[in-house]
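Have a go at each task before you read on.

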Amino acid sequence: MTELAQQQCEACRADAPLVSDEELPELLRQIPDWTPVTRDGILQLERVFKFRNFKQALAFTNRVGAIAEEVGHHPALLTEWGKVTVTWWSHEAKGLHKNDFIMAARTDQQLEAE
Ligand SMILES: C[C@H](O)[C@H](O)[C@H]1CNC2=NC(N)=NC(=O)C2=N1
């Protein structure tokens, strides 16, 4: 099976198929550092990344922003001194799409890109 991070994102559409309850556990297993959270009834993926200072947190934020722009699929990013909270979900589809798992895996890769 192709690693999540190497899979291709689909176009973000309101009618895009959300991840089913049957698919969810296996996809979550592939991104073990991410937590499913529900906000306003919408299932999202969240991870907090820790850094030595604000400069490193901001550099990581910009790398994540760049991969989001590349595919046209964007996270919520909270950048603080020494910490970045990244949250992925599909806004128009109002839930979790395969794209969100692919982008969470690619987000993890931005750690090594120091
Ligand atoms: C017009 C633009 O392509 C759309 O609004 C895109 C932008 N980025 C997006 N990002 C996410 N996470 N979900 C979306 O539905 C989405 N839609």
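## Exercise 1: strands and their partners

In S4, Arg47 finds its bridge partner in Val86. Before going further, note that this is a predicted model, where local features need pLDDT of at least 70, side-chain atom pairs count only at pLDDT 80 or more, and totals for chains, interfaces and linings use all residues. Numbering starts from 1 along each chain as its sequence is written.

**Task.** Work out which way S2 and S4 pair, and over how many bridges.

**Solution.** Start with the names: helices (H or I, at least four residues) and strands (E, at least two) are DSSP runs, numbered from the N terminus. Two strands pair if DSSP finds at least two bridges between them.

Thr35 sits opposite Glu46 in S2.

**Task.** How many of the five residues of S1 are buried?

**Solution.** A residue is buried if 20 or more other C-beta atoms lie within 10 Å of its own, exposed if 12 or fewer, and partly exposed in between, with C-beta atoms placed from the backbone. For strand S1 (residues 35–39) the count is zero, so this strand is hardly covered.

## Exercise 2: helix H2

**Task.** Check whether the length of H2 fits its number of residues, then find its buried side.

**Solution.** The expected span of a helix is 1.5 Å times one less than its number of residues. For the 18 residues of H2 (residues 54–71) that comes to 26 Å, and the end C-alpha atoms are 26 Å apart, which agrees.

Next, pick out the buried residues of H2: Ala57, Phe60, Thr61 and Val64. They cover an arc of only 105° around the axis (taken from the directions from the helix axis to the C-beta atoms), so they lie on the same side of H2.

The face turned away carries exposed residues: Lys55, Asn62, Ala66, Glu69 and Glu70.

## Exercise 3: positive phi

**Task.** Say where Asp40 and Lys94 lie, and whether each is buried, partly exposed or exposed.

**Solution.** Most residues other than glycine have a negative phi, and most peptide bonds are trans. Asp40 has a positive phi, near 50°. Asp40 belongs to the loop between S1 and S2, and is exposed, with 6 other C-beta atoms within 10 Å. Lys94 has a positive phi as well, near 60°. Lys94 is in the loop between S4 and H3 and is partly exposed, with 13 other C-beta atoms within 10 Å.

## Exercise 4: around the ligand

**Task.** Which residues surround the ligand, and how do they divide by type?

**Solution.** Count a residue as near if its C-beta atom, placed from the backbone, lies within 6 Å of the molecule. The ligand then has Cys12, Gly72, His73, His74, Ser90, His91 and Glu92 around it. That shell holds one nonpolar, five polar and one charged residue. Here Ala, Val, Leu, Ile, Met, Phe, Trp, Tyr, Cys and Pro count as nonpolar, Asp, Glu, Lys and Arg as charged, and the others, Gly among them, as polar.
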